[in-house]
Amino acid sequence: MSMQQVPPHRRVVVGVDTHKHVHVAVAIDELGAVLDRRSFAADSGGYGQLIDWGESFGGKLTFGIEGTGSYGAGLAGAVRRRGIGTLEVMRTDRRDRRLRGKSDTIDAENAARAVLAGLATAIPKSADGTVEMIRQIKVAKDVAVKARTSAMISLKQVIVNAPDDLRQELQPLSKMALIHRCAALRPGKITTIIASTKHTLRSVAHRWEVLDAEISEHEKLLADLTAQVAPDLAKAFAVGPDTAAEMLIVAGDNPERIRSEAAFARLCGVAPIPASSGMTTRHRLNRGGHRQANAALYRVVIVRMQHHEPTKAYVARRITEGKTKSEIIRCLKRFLARELWATMRPIREARPPLQIAA
C-alpha cells in the first residue's frame, strides 16, 4: 500500500508491535483508514527511520506502542525525545485474536486502533532518571536475596544428610552461628565423606556471606537514592527503602503521567471494585496492578497493625463494626496508598504535565 498524505488538522496514529530485532508499524488516520505498513530495525537507526516515516504523513501524530517496559522501551524513549505523544498499548485480548487471527501487522494495527478508540490512555514510564536507577538496583538486590535464600536451604539440606557427628554438632546452631561455623570448617584433603561434606558446607557458607554483603550494599544504595528522590516517603512509618523503592518504581521517573491518587491506587492493585451479589453489598481489591508494590503495601499494613497506635485504634473500631480482618487490611492498604501518594507530591509538581495529541 502506498503512503498517503494527511491534512495538517487530521490525526495520524502509528501502532507499533515491538520485538527484539524488528518493530512492525501500521499508520492509520482518524477515520480508521490504513495509510501504510512498514518494518524497522529495533535499534537507534531504526527508531529514527520509524519516527521520520510517521511524521511523513503530516497531521497530528501519536504513537501507540506495545511493550514499552521491555522491547519497546528504546522506541518509546526516542519518540518522547522527539516531542511526540506516546501511549502504552496492552496486548489484544484472546477473543479478538481468535476472531481476527494473529500476526505482527495485525497486532500493530490493533495497537493503532486502540489509541484511536481511546482504549489506550496510559503514558509509558520515561525510565531516564533516578527511579530507573532504583529499579535496576532493586533487581540486583532481589536476585541476590533469592540466591542467598537458596544457599541457606542448600546448606541445611547438606547438614541433614551429613555424617552423624558433624550433623549433631551443626544442627542446634542458630542461623548466623551456623554460617560462621561452616565458613570456618577445614576439610583438609578430600578423601572421606566427612571431608567432602565440610568442603561443601564451607563453600555454600562462603557464598551466603558474599551474597549477604552484596545485599547490604544494595540496601545502602536504595536508602540513599530513595531518600534523595522522595525524603518524605522514606520517613513514613514502617516504610523502609524497599517499600519506598517499590512505590517510586510504580510512579516512574515521570509520575505526572498518573492523573490522580485513585489511578495510583489502581496501579498498586489496591483500588476497591464492587463485589456485591444478592443481599450482600461489599467491595474487594482489584487483582491487577503492580504485584510487588501491592505486597510492599501489605507488609507495611501488617507492621502498622502491630506497632502503630492510630492503626491499632482503627482496627479495633472496625472490628466492633463487624468487619473481617481481610476487609480491614483492604481498607488500610487503600488508605496507605493515599498517604504515600501525598508524600510524592513534590516530585509530581517538579515536572510539567505531559501533553498527548487529542
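Arg304 is buried, with a relative accessible area of 8%. The model is predicted.

**Arg304**
- Beyond its neighbours within four places in sequence, Arg304 is in contact with Ala236, Phe237, Ala238, Thr311, Lys312, Leu336 and Glu339.
- Arg304 counts as buried because its relative accessible area is 8%, and the cut-off for buried is under 20%.

**Nonpolar cores**
- The largest nonpolar core has 41 residues.
- Met247 and Leu248 have the most contacts inside this core.
- The most comes from α14, with 8 residues.
- Not counting residues up to four places away in sequence, Met247 touches Leu233, Phe264, Cys268, Ala293, Ala296, Leu297, Leu340 and Met344.
- A second, separate core has 21 residues, among them Tyr47, Ile51, Ala78 and Ile84.
- In soluble globular proteins, nonpolar side chains tend to be buried together.

**Crossing of α5 and α10**
- The axes of α5 and α10 come within 9 Å and cross at roughly 130°.
- The two helices, α5 and α10, are therefore oblique to each other.
- The crossing of α5 past α10 is left-handed.
- On the α5 side, the contact is made by Val131, Ile134, Arg135, Lys138 and Lys141.
- On the α10 side, Asp242, Ala245, Glu246, Leu248 and Ile249 take part.
- By class, the residues of this α5 and α10 contact are 5 nonpolar, no polar and 5 charged.

Note on methods. Residues numbered from 1 in each chain as written. Predicted model: local features only at pLDDT ≥ 70, side-chain atom pairs only at ≥ 80, totals over all residues. Heavy atoms only, no water. Core = buried A, V, L, I, M, F, W, Y, C linked by side-chain atoms within 4.5 Å. Buried < 20%, exposed > 50% of the residue type's maximum accessible area, 1.4 Å probe, protein only. Helix = DSSP H or I, 4+ residues; strand = E, 2+ residues; numbered from the N terminus. Contact = heavy atoms within 4.5 Å. Axes fitted to C-alpha atoms, helices over the stretch in contact; angles between N-to-C directions. Parallel < 35°, antiparallel > 145°, perpendicular 65-115°, else oblique. Left-handed = near helix turned anticlockwise from the far one by under 90°. Nonpolar A, V, L, I, M, F, W, Y, C, P; charged D, E, K, R; others polar.
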